Amino acid sequence: MSELTQKRCVPCEGGILSLGKSDVERLLAQVAGWRLDGKRITKEFKFKNFVAAMKFVNRVANLAEGEGHHPDIHIHYNRVRFDIWTHAIDGLSENDFILAAKIDALK
């Protein structure tokens, strides 16, 4: 399990810089299957059916609410894609990778 799962998201109201390329690459290596898509990280999960996908989405929603950091969620029947970035800085922060690692831990 990634050390990222042991951390908590820190509230971000802006005023900080987004992560640089080397930090993004280092953290991205710790969250298998996530890929960089511009200023965000993204990953798609596949389930046996819609109900299983929705159960997972609800677990992620509870996790995200507890962390105070919320992904964009795209649902297509049995596939769910999460897009994560720190909206307040319009880029990536460590919070994004913490949330990604914790989402992976739910699967």
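With a relative accessibility of 30%, aspartate 23 counts as partly exposed in this predicted model.

A second pair can be followed from strand to strand. Here the side chains of arginine 79 and glutamate 44 meet in a salt bridge, with an N to O distance of 3.6 Å. Because arginine 79 lies in strand 4 (residues 79-84) and glutamate 44 in strand 2 (residues 40-46), this contact ties together parts that are 35 residues apart in sequence. Arginine 79 is partly exposed, at 33% relative accessibility, and glutamate 44 is also partly exposed, at 43%.

Attention then turns to the helices. Glutamate 67 forms a salt bridge with lysine 102, and the closest N and O atoms of this pair are 2.6 Å apart. Glutamate 67 lies in helix 2 (residues 50-67) and lysine 102 in helix 3 (residues 94-106), so this pair, too, ties together parts that are 35 residues apart in sequence. Both glutamate 67 and lysine 102 are buried, that is, each has under 20% relative accessible area. The pair also belongs to a network: salt bridges with shared partners join Arg8, Glu67 and Lys102.

Methods: Residues are numbered from 1 along each chain as its sequence is written. This is a predicted model: local features need pLDDT of at least 70, side-chain atom pairs count only at pLDDT 80 or more; totals for chains, interfaces and linings use all residues. Side-chain values use heavy atoms; hydrogens and water are left out. Buried means under 20% relative accessible area, exposed over 50%, partly exposed in between (1.4 Å probe, protein chains only). A salt bridge is a side-chain nitrogen of Lys or Arg within 4 Å of a carboxyl oxygen of Asp or Glu. Helices (H or I, at least four residues) and strands (E, at least two) are DSSP runs, numbered from the N terminus.
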